[in-house]
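Reader: I'm new to this one. Can you walk me through it?
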Amino acid sequence: MLRLLVLLLALVSPAVADETVGRPGFLIRAWQSDEGLPGNVVRSVGQTPDGFLWIATAEGLSRFDGNEFESIAATGVWFGRPLDFSRVFTPADGSVWAATSRCGLFRVGSAGLDGVIGDYEGPNPGVVARLFTCDGSTYFVRNDRLWRVGASTAEAVDAPSPAVIQAMAADQASQRQRGRQDKAGPPDRLLDHNGGTWRIDDRGLSYIAPDESADPELAIAFSGSMESLDMLEDREGNLWVASPIRGLVRIRHSRAVRLPYRDGFYTSPTRTSIQSRDGTWWIARRNGGVDRIENGILLHIPIVTSNTARVVSSIVEDHTGRIWISSRDASVFAYNPETQHVDAQFLDTPALSKINVMVEDHEGRMWFGGRAKLFCWDGTSLRRVNEVTTLENVEISTLAPGDNGTLYIGTGNGRIFTLKGTELSLVGNVESFPRSSVSKILPIAPDEIWAATLGAGLLLWKDGGWHRFSTREGIPDERLTALTLVGDDLWMGSLGGILRVSRKDLLQSLKDKTPVPKWLRLDRSDGLATRECIGWTQPGVFRDSTGCLWFPTSAGLTGVKPDDIETTAVAPSIHFQPVEINGVPHAVDGGRIVTGPGRVRLGFRFTGLSLSAPEKVTYRVKLNGLDENSRGIGGIREAEYQLVPPGRYTFEVSATNGDGITTPRPAIIQIEVLPHFWQRTWFIVIALIAAILLPLFLGWLVARHRMKVKIRELRLQGALEAERTRISRDLHDDLGASLTEVSILSELAAEDNHDESLRPALDQLSLKAKHVVGALDEIVWATTPSQDKLASVVEYLSFFARDFLKAVHIPLHTDITRDIPDVTIGPRRRHNIVLASREALNNAVKHAKPTAISLRITIEDGMLVVCIQDDGKGFAVEYEESGNGLTNMGKRMTDCGGDCRIESVRGKGTSITLTIPLIRRTPR
């Protein structure tokens, strides 16, 4: 049993969430089971060319992308069985193999772990120590013997070919470089890509530089012996240690350094700092006063006025070696080396107080800037620049000396001025930029001025105008607190870490509109105790005599050595997870997905592999066919699109790691959303043709049908009129003549008959014959087609009313319109209006006992209106509507599409209004 890594992470608690400094210059992080690792007993680790890390544990095999672990299950008869993996192999062809402690060998396939060689049950089985590929075949070494993986089993190779011998030697050298031996056993050293050596001995894990000029750097100390089960340097330069206790451990070189002194490292919150020429550090503490570190000894110098501790805003060493200190709330001070205290200056000028920034120009003059004030000290006299009226009520936030006596002034409202002599000028028009405070101005030339802002990113005055570099141009954080130039690189402090970008790349991007420049961002994952560089005072960053840049932070001073920053040249490789279509995962087969029909919801999940700092990887996505331009989504590893219409699309995603390295070409997925059949081109063409032809065809059918109906109606109407004419003629000529003859004969018989007993019967027979003749005349009139005209109906109603009321001796008053249209109303409606009118007259005579009756016939709004009104005794309508006469009148008028309105008042008479439409509304 291998000795366990008892104290591997003495400075790291289990399941560490953030990078932790193990020893100065090293960063350590561990993953355990509560972070997704299948088990804490890690036995081997490997990396495939695509960037994935493969981890063999006592519980099984898993894949790691820097964010999540994915367990790989065994297939077939091995499913669910415990597999005691001892080593993982990742040859150059991209395959993944895992060996068990009893000679078993498994390969990762599309469905999971496929068993190639089962566990050996005999004694002394040995283990698979090495595995490599050659000419499409896989070979492995077990018990110092070479084997080849066959179709169903392993075959011993006693006489390998020269190519196999060469491949075996190359694999042996590669494995020994990472510390693996031909026999099972833990590694004791690993040679990195720079030629340095990681070594494990009784002292712990240490690193020996390539030139071996310095003593080994101890990364992790141990009180006893220490063994790891496997070590690996990934393609980004990280060291991975397989620990049987602490899980998976990553060790990296720190990119940041801390300021040491006798009692440790300086960790107090800092506003600004400088190192004087004699090597003494002057550090403005955030809570007031100055810390002075000389020869490793820290001495705090309080700055107190009016019994109040003052906060320092700026520290400057002038050309004479004098240390100047300013305070936002008090005066300007200078350090007195004799008393080792600071003394207030310019006490005779009370206006020189509350100074935000100080700077010495190229002529040795000191400039002091505050709120609406600017002073200059030439060594003998102090003057206030009274001409600066433009700065009234403006906070001066930074000062920078330029060539030819020019002073650059930055303000808290985002304005930059130049002062030359007494002439103050605004540099360009920055109205289009946010009014963010200017934290630092870096003049390179009159036509190249760089400015850092607290919220608006990086500004550049070039070619007569201001240019802004914001998150659109890839800047990781727009809240810049410091700015300096080292070589051709711009270094910036920000609230999101330390940034670096090539000045040349920025200028070129403006000229050629090239893609986003490479931005390096350093944060806690690179060794910073905190990523907040809060030194927006002056200087916000200080470069010491060794070239190290020191940034004030809320956790002390953080140093960066620009020449020692090694960036990875490996771009993140992008890998897709199954695409979610309407919430259902679909595997990406060959980079193409076909879905639909109809609108769908697409959800893309992806990972940019960067094992050094996966949390710093940022992404840009674009769905060609829907998005016009790519858009940055930060560190979010997913993109969703709602209700994507049918069509062909290409989803593109590119990733940029923390070193500013972007994938050379975006990773793509082809998406085809099928339309519904009614959305296809052929259907739309057919529908358009049908939309044009169908109305024409339907119109022709309707016209043809109407013509047939019209012809049929005309034929039927002709036949009906002919039959009605025949019936009326027969009734008139035959039955009418006969009845008239009967009436005449009965009258003659009554005149000649001397029998008085027969006279009443003969009179009654004569009367009945007359009534029958009258009724027959009405029937003949009603069936005669020539009487269908409206004028005939009006004439008949007038005649009937006059004749009917004359017989009962009731006066008739008529009001009949003369403007009668030449229209036909048909026999049915003609019959109903006549019968309803007769019923109304009969009811008036029979029940109302009127003294007079009026008849009004008019044409109103296309309606025939017949109004019969009497001055009789009247009745209560609601109690009489149940009578048959009144009910029949209403039914007759409703049947022919008309209306019957009855109005009556007791003692005042009755009015009955009958209306029928002249334009037919209902079928006859």
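Author: Here is a short tour, from the whole chain to some strands and then a pocket. Keep in mind that this is a predicted model.

Reader: Now contacts. What share is between residues 24 or more positions apart?
Author: Take the contacts in the chain with a separation of 6 or more. Residues 24 or more positions apart account for 53% of them.

Reader: Let's zoom in. How do β27 and β28 pair?
Author: They are antiparallel, with 5 bridges. Strand β27 covers residues 290-294, and β28 covers residues 297-301. In this pair, D291 stands opposite H300 of β28.

Reader: What sits between those two strands?
Author: A turn. The two strands form a hairpin with 2 residues between them. N295 lies in that turn and has a positive phi of about 55°.

Reader: New topic, sheets. What is the strand order in the open sheet of 4 strands?
Author: The order is β39-β40-β41-β42, and the pairing is antiparallel.

Reader: Why is one side of β39 and of β42 left without a neighbour?
Author: Both stand at the edges of the sheet. β39 (396-401) and β42 (423-426) each have a single partner strand, so one side of each has no neighbour in the sheet.

Reader: By how much are neighbouring strands turned against each other?
Author: By 25° on average, direction ignored.

Reader: And how many bridges join β40 to β41?
Author: There are 4 bridges between β40 (residues 407-411) and β41 (residues 416-420). Y408 stands opposite T418 in β41.

Reader: Which residues are closest to its centre?
Author: R472, E473, G474, V516 and R620 are the closest, out of 41 residues that line this pocket.

Reader: Which elements give two or more residues to the lining?
Author: Among them are helix α2 (503-512) and strands β46 (465-469), β59 (618-624) and β62 (647-656).

Reader: Where does the largest share of the lining come from?
Author: From β59, which gives 5 residues.

Conventions: Residues numbered from 1 in each chain as written. Predicted model: local features only at pLDDT ≥ 70, side-chain atom pairs only at ≥ 80, totals over all residues. Heavy atoms only, no water. Contact = heavy atoms within 4.5 Å. Pairing = 2+ DSSP bridges. Axes fitted to C-alpha atoms, helices over the stretch in contact; angles between N-to-C directions. 1 Å grid on protein atoms, 1.4 Å probe; cavity = no way out; pocket = protein on both sides within 12 Å on 5 of 7 lines; lining within 4 Å.
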